[in-house]
Amino acid sequence: KEEWYNDKFLDLLSQEISEFCNNLNISNLDIGFIWAQRYKRREGMGVHTHGGSGISAVLYADFNENEHRSTQFISPFHDVLSNAVILAEPDVKEGDILFFPSYLLHHALPSTSDISRTIFSFNAEIK
């Protein structure tokens, strides 16, 4: 049954996955486990990676851009002049999907909203 849900989810994203692969001249992505997370007030996810190789993705399924913040990414290098940590928080809207290297540090800041924020995510190996 879990495989059926994975197949349906990947069918819905087939165009976006194809565009991503075409833009990077990747013949195929071997997508493994897919999961969802729902964040409510004061909930978030600490700093982490998804391994040392491959691609990860996050789909913003329930996301109110006036209430929620996107995933915050942490650069693997510091600012050359100030030595400050470089953070990036992409502007996203509901339905957007972000692909990123699995090794990139990232986190979800704790929610300050009573409105739930839901994401779907997966990891993939490049084929």
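Predicted model: local features only at pLDDT ≥ 70, side-chain atom pairs only at ≥ 80, totals over all residues.
## Largest pocket

The largest pocket has a volume of about 160 Å³.

Four strands each supply at least two residues of the lining: strand 1, strand 2 (45-48), strand 7 (105-108) and strand 8. By residue class, the lining divides into seven nonpolar residues, seven polar residues and one charged residue.

## Nonpolar cores

The largest nonpolar core contains 16 residues. Within this core, the residues with the most contacts are Leu13, Ile17, Leu29, Ile31, Ile97, Phe99 and Phe122. At least two core residues come from each of helix 2 (14-23), strand 1 (29-39), strand 3 (55-62), strand 6 (97-101) and strand 8 (117-126). Apart from this core lies another, of eleven residues, including Tyr60, Leu98, Leu104 and Ala108.

Phe99 shows what surrounds one member of the 16-residue core. With neighbours within four places in sequence left aside, Phe99 is in contact with Glu16, Ile17, Phe20, Ile55, Ser56, Ala57 and Phe122. Of these partners, Ile17 and Phe122 are also listed among the core residues with the most contacts.

Buried here means under 20% relative accessible area.

Strand 3 pairs with strand 6 in the antiparallel sense, over five bridges. In this pairing, Val58 stands opposite Leu98 of strand 6. Strand 3 is also joined to strand 8, again antiparallel, by seven bridges. Here Ile55 stands opposite Ala124 of strand 8. Ile55 is also one of the contacts of Phe99.

## Loop residues with positive phi

Asn25 is found in the loop between helix 2 and strand 1. Its phi is near 55 degrees, a positive value in a residue other than glycine. Asn25 has a relative accessible area of 75%; the cut-off for exposed is over 50%, so Asn25 is exposed.

Asn83 is found in the loop between strand 4 (72-78) and strand 5 (85-88). Phi of Asn83 is near 65 degrees, again positive in a residue other than glycine. With a relative accessible area of 53%, Asn83 is exposed as well.

Conventions: Residues numbered from 1 in each chain as written. Heavy atoms only, no water. Core = buried A, V, L, I, M, F, W, Y, C linked by side-chain atoms within 4.5 Å. Buried < 20%, exposed > 50% of the residue type's maximum accessible area, 1.4 Å probe, protein only. Contact = heavy atoms within 4.5 Å. 1 Å grid on protein atoms, 1.4 Å probe; cavity = no way out; pocket = protein on both sides within 12 Å on 5 of 7 lines; lining within 4 Å. Points joined across faces, edges and corners; volume = space filled by probe spheres on them. Nonpolar A, V, L, I, M, F, W, Y, C, P; charged D, E, K, R; others polar. Pairing = 2+ DSSP bridges.
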